[in-house]
Amino acid sequence: KVTVIVPVYNTKRYLSDCLDSLLAQTLAPEDLEILVVDDGSTDGTGELADAYAADHANLRVIHQKNAGTSAARNTGINEAQGTYLGFVDSDDTVSPGMYEALLEAAERLGVPMVQTGRDERADDGSVLPMVVKVPEEEGFILSEEMLFLLLLHEGDASFCTKLTARDLFEADEEMSILRFPVGELNEDFQLLIRMLDRLEKLAVLPRTDYHVRYRLGSNSRKKAGQEDYFPSVFTDIVRNADLAMELVRSEHPGILPVAKRFALVQRLDYLLHIPVSQMTPDHAFYQETAQYLKRNRREILINPYLSPKERRNLWLMSFAPRTLRALHKKVKKA
């Protein structure tokens, strides 16, 4: 009934914890397929996955040339046998009852997507502040409401916390097939906002079953000791904000102000993280991002969804982003 897709690339150190948590699921083994997609690992990760597959009939491994997380997930979707699909990152773990609870809710409530809660844990095991608030009781979120929450940064875009009917990924009336965008980070957000129009609502459970391992040096996080390292995720979140704006303009014009807020805040996030050394006149993407704030100073002042802190920072950044960042860097060093 359920296929859990685990893309892996050079995460041998963490893979056993991940797979052990999936093999400990209370969902019957005959109802659970664990599909590991080895994306060209070179550190023995693929061999470790093969060893697990040799010992567990419901776990299988697919090996492919390195093409990125989205491509590995898409391979998993194409090969999955389950009616419902789940996704787990290879350095994360899940609670034993996660997939039994998600499947039970999906079948009982008749919805194609069910979401549980997540927490983030540092490498030393300490729990970090909650990213998304977990509901106190079971409930539903309408698809447009979910889009609204995502644009407010209050929704959970991750497919890892969800069980999703496989049908949602397949051809609809317009004959389009939905897959994760290859070559991009923040891929969950882009796919989810496109998928929301295919469902009326999703269910949310008052549980915290997915456990993210927050580690420096992962695809979306700054590498320790590399001051000028700039994860491409910050470029992708700006592009995704523009995709969201296009979608809202055409399909959900009633929530356009919150989409405008999202476009501004994503650009602020970009400008707060790009190394000062890269804020140069010949950096086209940086220049366009900075100009966007200048062109939208009125929106910064009037948008009702911006917090006072966001409004202040956006307003200041709309005038002299590089000067502000350079000054902030000097203050931190002092």
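These legends go with a few close-up views of a predicted model.

**View 1. Helices α7 and α8 pack against each other.** Here we're looking at α7, which covers residues 233–251, and α8, which covers residues 256–273.

**View 2. A look at the residues where α7 meets α8.** On the α7 side, the contacts come from F234, T235, I237, V238, A241, D242, M245, V248 and R249. Facing them from α8 are L256, A259, K260, F262, A263, Q266, R267, D269, Y270 and H273.

View 3. Two elements, α10 (297–302) and α11 (308–317), each give two or more residues to the patch.

View 4. You'll find I302 in helix α10. Is I302 buried, exposed or partly exposed? Its relative accessibility is 44%, so I302 counts as partly exposed, since that label covers values between 20% and 50%.

**View 5. S21 and its contacts from elsewhere in the sequence.** S21 belongs to helix α1, which spans residues 12–23. With a relative accessible area of 11%, S21 is buried, because anything under 20% counts as buried. Which residues does S21 touch, once neighbours within four places in sequence are set aside? They are T93 and V94.

Note on methods: Residues are numbered from 1 along each chain as its sequence is written. This is a predicted model: local features need pLDDT of at least 70, side-chain atom pairs count only at pLDDT 80 or more; totals for chains, interfaces and linings use all residues. Side-chain values use heavy atoms; hydrogens and water are left out. Helices (H or I, at least four residues) and strands (E, at least two) are DSSP runs, numbered from the N terminus. Buried means under 20% relative accessible area, exposed over 50%, partly exposed in between (1.4 Å probe, protein chains only). Contact means heavy atoms within 4.5 Å. Axes are lines fitted to C-alpha atoms, for helices over the stretch in contact, and angles run from 0 to 180 degrees between N-to-C directions.
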